Structure formats: structure tokens, C-alpha cells
Amino acid sequence: MTGGVAVLLGVAVPQAQAAEVSYATRCIPPSGIGLPPVDGTTKVDITAPATAKVGDTVDVVWTFTQAASKNPDIIDLPADSVQPSGTLKAAGAQSADIAMRGPRQNPPVPKGGAMVLSAMKGSLKLTTAGQVTLTPDAYVVNALSTDTSCAPTQQVQPAATIIVTAGGGSSSGGTGEPSHTGTPSHTPTGSASSSPPASTSTSPSPSGGSGGQTDFTGKVVNVPYTCQSPIGQKKATSPVQINAKKNGGSYDLTVQFKKSVMDSPIDIPAGSVKPAMQVVLGGADKGSVAVEGPKNATPIKQGAPIEIPDLTGVYKPGASGTTTLSPGVLTIDALGTRTTCTPDSSSVSLTLDTTEQASGATGGSGSSSSTAGGASSTTGGLAETGAGDHATLKALGLVAGTAVLLGAAVFTYLPGRRRTR
């Protein structure tokens, strides 16, 4: 009886097969860090059903048994900081590129330790009877917000074969074309996605004058940034609002970011992130005013939103007339590194009717910047691109510090917050 049950089970669920292939690989590190490509050997196990029928959708698993390189002697790699994705080639009775992706899951990897990449999964809908071979192809390693692209430098042998029999169904829609599902083979988390285009609010910007008003609320503007860090360049967009409170002849400025900038890729210690920005003056006045925020007071857990606190500073007018205030260059100092983000275009958030003050922003000398009236100097600032990436301004946050360090170590070698005031 036991034998009979085993036979029935064998027919219902064909035993999966796995085979290891080894192939020479070249990995290209992120641009901007000045490190050369790395050549190594990738070893992969591919697991798939031994047999299936036309119309079935089969699950496929790609398991790394050896990465193309060890972690270099630069920095310890934290747990759960690396995510692989790649492409598995189906050929024979049908052809398809199967998108494969693994979770961001790995043990801590010490300097010089062997790289550990999670198993990737994907699926393929079978459309044609015959033999379908599965062969690993290029893959991408993402850590924090940077990518290393790895591709075979030799012909790779098939790692698994599925025997597809007729009678189990027909191809979707009767087209006979291959159909497969799975996550995209490469979606960097360090880049911004579905961010709103740069625009300004259609509502008029509040104007400060001499009519007794002391509080002035700016409009929210979407600012597109190009962020430059030691490991490369990223694009991102953030909604920003500039508010002012009159204080004698000066204005206390508060700059707010209206959404959570990104999810933290790793645990971040308290006191490790220091943001700052230059508010650009226009119209009657010229120059800029430095604003900055406090360091993060509490640790940030992996996966939790990274928030940019209110950035504050003091603006002392250097000219009389109508003056505009716009978000300018943002920076962030984190873990000994700095990322600088420059607006691709400027949008006015606040307009004030100003009265010239002695030693004000312009000060009669036409200086291009100002720290008058107590505005803090630009010592820290915007965040790096990184990750949640994922909508608005993935470039803001801590990744500037962590991604630079980990990016240099890992990638080259291998291989919404809504503020309530």
C-alpha cells in the first residue's frame, strides 16, 4: 500500500530537480566610485519541477552556492542589507526571460568574509510541449541604494530541464507566446519612482508686509534634485514648504519636508544624521540663508521611515521690496560622509515684503550668501539617494553615510511622512 501511495504522489507532484552550474562572471561596480570591474566565478543551483503539463505555471528557485567575490577588507556588512535580482533564460520548447528576485536577507558578513546572497524565485507559465531548459544569466546585487551588475563572460550551461507534456491546458489566449510572471529583474531601490513632477502650487504664495501679520505660510513645491555622493549620482523629488515668523526686523524660517523620505535599509544609531539646506533669495534681495536640523535623537530601525526634521534658520533682509524664498542645495552629513543635492529647477515657496536691515542678506555689498542674523552656516545637509525609495525623494535620509561605506565595500567587489505642525 505504501508503494502505491508513493506512486500516486509521484504522479501528482513530480519531484523537483536541482543542478549546479559554475560560470565566469564580471561584476561592474556603481559609477562614480573609481573602482574597476571584478572578475570571479558564480555557482548556482536551479530547482524546478522535473515534469509539468502545458498550461501549468511552475515555480523556479535560483540558489547561489558561491558569489563571484568575497566581501573586501573595507567594512563589515550588516545583516539584511543585500538583495539580489536576475534573469533566468528558458529555451527549447519555449523561450522566455524569467524575472528572479530574492529577499533582502543575509547574515552579517565580516571584512574578507564570503558573500551570502539569498535565494531568488520566479515563475514560468508553460505554453508548449517538449523540453524546456533553464539557464542562469545576468544578475544585480543591490545594497542600500546602489547596484552592482554581474553578467556571464562565457557560455553558461543549462542547470535544469522541465519535460512538458500536452493535455494539461493551452497557452494563455491561444497565442502560443511564452507567458511568465515574477518581479522585475532589476528595480534599484536607491532611485526615486512615481515621484510627482516638479511643479508649484496654483495657490498664491503668502506675502509678508507691514500690515501687522507675523506668521507667513509658504506653499508646498515639488523640488527635483540631482544628488551626488561618493558612490554616484541619483535623481529624486521632494515636496518642500518654507514658512516664516517675523521677529523684529528679521524672520525665523522653518523648512519642512512633507513626506517620509525613505525606509531605513539598516538599523541606524542615534545622532548619526545631520541635515541642512540653503534657502535661495530672489526678487529684491539676493543671496541665501542657511537652515539646518537637529541630529536624529533616537535610533531608526530597519524598515522604518527616515524623517527629515524641521530645518530652521534666521533671515535678516538685505533689501527693501518683494523678496522670494525657494528651496536650494540640500546636504546631509552622516557617518563621516556628505551627499549634496542640487535642485534641477527652482520654485518659489514664500514671498515676503521685506525692509532692509543693517548687515542683512545683501548688506549693500551684493554678497552671494548670508548667515546674518544667526542663520546657521551650511555644515550638513541633504540625504543620499537611496531608497524608498518608493516615491518621493529617496535621496533624502541616511543612505549618504551608510550606502557610501557599504557601496564601496560590497558593490564594487560583488560580486510618507506628513508633517503636522
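1. Quick term first: "buried" means under 20% relative accessible area, "exposed" over 50%, and "partly exposed" in between (1.4 Å probe, protein chains only). By that cut-off, Phe64 and Tyr139 are both buried.

2. Housekeeping: this is a predicted model, with local features needing pLDDT of at least 70 and side-chain atom pairs counting only at pLDDT 80 or more, while totals for chains, interfaces and linings use all residues. Residues are numbered from 1 along each chain as its sequence is written, and side-chain values use heavy atoms, leaving out hydrogens and water.

3. On to the nonpolar cores (sets of buried Ala, Val, Leu, Ile, Met, Phe, Trp, Tyr and Cys residues joined through side-chain atoms within 4.5 Å). The largest has 38 residues, and those with the most contacts inside it include Trp62, Leu134 and Tyr139. Among the strands (DSSP E runs of at least two residues, numbered from the N terminus), S1 (16-28), S4 (57-66) and S8 (130-143) are some that each supply at least two residues of this core. S8 gives the largest share, five residues.

4. A second, separate core has 26 residues, including Ile242, Tyr315, Leu330 and Ala361.

5. Now the rings. Phe, Tyr and Trp (its six-membered ring) pair if their centres lie within 6.5 Å; planes under 30 degrees apart are stacked, over 60 edge-to-face, the rest tilted. The structure holds five such aromatic pairs. Phe64 and Tyr139 make an edge-to-face one, at 5.1 Å centre to centre and 65 degrees between the planes. Phe64 sits in strand S4 and Tyr139 in strand S8, so this pair ties together parts 75 residues apart in sequence.

Definitions and conventions. Helices (H or I, at least four residues) and strands (E, at least two) are DSSP runs, numbered from the N terminus.
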